[in-house]
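Visitor: Please take a close look at a single part of this model and describe the packing around it.

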Amino acid sequence: MDNKELWQSTLGELELQITKPNFQTWFKNSDLIEKGDDYIVIGLESAFAKEWVETKYHKLILKIVRNFEPEIKEIRYQIQPPTKPATIISKKKVTPSQETEVLNISEFNIDPRTNLNSRYTFQNFIVGANNELAYSAATAIIKDLGKKYNPLFIYGGVGLGKTHLIQATGNELKKIYKNKIGVRYVSTETFVNEVINGIKNKRMEDVKNKYRKVDVLIVDDIQFIAGKEKTQEEFFHTFNTLYENNKQIIISSDRSPYLLSTLEERLRSRFEGGMVADISYPDFETRMAILKLKLQSQHSDFFISDDILSLIAEKFPYNIRELEGALTRLLGILKIRKLNPTKQNIENLLNEITNQRVMIVSPELVIKTVGEFYSISEKELLSHSRKKELVKPRQIVMYFLREYLKYSLPTIARKMGNRDHTTVLHAYNKISQELTKNYLLSQEINLIKEKIYNKH
Ligand code: ADP
Ligand code: MG
């Protein structure tokens, strides 16, 4: 085999073993530069691609290459940039209305039978250290439906890919099993409404039938079921019916089962009985990979160098939705203003975009978010009731206003339904102390913080 044949055969095999976007992103411009007696040198288009391929695919490449040429023991990687100019920008004219069209089109991709959106696939899901566990659990259940990890419970903060992953699992199942199995995706909000309407219109049988006859039930954002007793009851029975029949259940939540505080104990223990996997913040490499994938699949008329892309990746570490949104907006503005993606232009635009986000967090927003988090109304939160389930969230609001927003004690006292300022001080001290020894509480406060800052 000559160099070209060896590399073509290796690529052919690689293409079968990794997802298409990954393949295209990392190996599109790759080449076999040199071959010695027991080593080869592979050229990759950038330092970033080199690092990614080395850490993620080296073993696989070596295995494949050795199938063809067993004497190869070593693979080295070298940067070999493509012969394109650094920045090219499309001269195609795009009007803003065309842009919004591209953004909204995905809403029409929902299959009414499964309620799944076809835009979410494994092929366009980047696997990094932050979601590796959740991803492998999701792919594992495909082969072992209803048995291996049941239920599969995935949790993580806002915009980190929970919906994407669980929907992609559903779509993959449909692809593999075709019409042999029934898959159903539902957001918890929809489920709650269906139960409420079912009760009101005496049509609960319909709701029961709809969800109890599926083979795979995917429930998104289960935290919204907290505090809704009737819905929990119904869900519990649906869950048991499916579970006992070895049907697969996949659940997502913004927090771990331990932190679903107002969840019935019996439901919580069901959740904990399966596989619980978290999704955390993507590291820099993963964010870069996501940006590259997005750039290639949706904005392929743009070429942006890694240097410049990394400016964007650095700005948005906590939320992938924001990261993607920033890229789309940046490219949109570049097109409309007919600018090139130079370092200076991107830096200016990033500042423009992020400045628009900086808003002052209001006490009202804190009160609203904490209320939502614990499923209690604003009125209850501001009331003078001493019920245990109200006291803690109320103290957390006061703590938050003091610690992060630096309001004075009397101002907080007034905002919180005209209390005494010593009450605020007491709440602040109580939570501060509690935080030093209660890990769960610190997790809750982090989640709340994340939600507040993500509302912008
Ligand atoms: P969540 O449900 O956790 O709030 P989503 O699943 O809605 O988050 O993800 C937010 C956006 O980020 C979506 O557009 C999704 O496609 C994208 N996204 C999240 N994780 C990844 C990933 N690992 N690879 C590619 N895109 C991702
Ligand atoms: Mg979601």
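Guide: Apart from neighbours within four places in sequence, Ile448 contacts Thr369, Val370, Phe373, Tyr374, Ile396 and Phe400, a contact being heavy atoms within 4.5 Å. The model is predicted: local features need pLDDT of at least 70, side-chain atom pairs count only at pLDDT 80 or more, and totals for chains, interfaces and linings use all residues. Residues are numbered from 1 along each chain as its sequence is written, chains are lettered from A and ligands numbered from 1 in the order in which they are written, and side-chain values use heavy atoms, with hydrogens and water left out.

Ile448 belongs to helix 21 (residues 439-454); helices are DSSP runs of H or I with at least four residues, numbered from the N terminus. Ile448 has a relative accessible area of 0% and is therefore buried (under 20%, with a 1.4 Å probe and protein chains only).

The axes of helix 18 (residues 388-403) and helix 20 (residues 421-437) come within 8 Å and cross at roughly 90° (lines fitted to C-alpha atoms over the stretch in contact, with angles from 0 to 180 degrees between N-to-C directions). Helix 18 is thus roughly perpendicular to helix 20, a term for angles of 65 to 115 degrees.

Terms used. Helix = DSSP H or I, 4+ residues; strand = E, 2+ residues; numbered from the N terminus. Buried < 20%, exposed > 50% of the residue type's maximum accessible area, 1.4 Å probe, protein only. Parallel < 35°, antiparallel > 145°, perpendicular 65-115°, else oblique.
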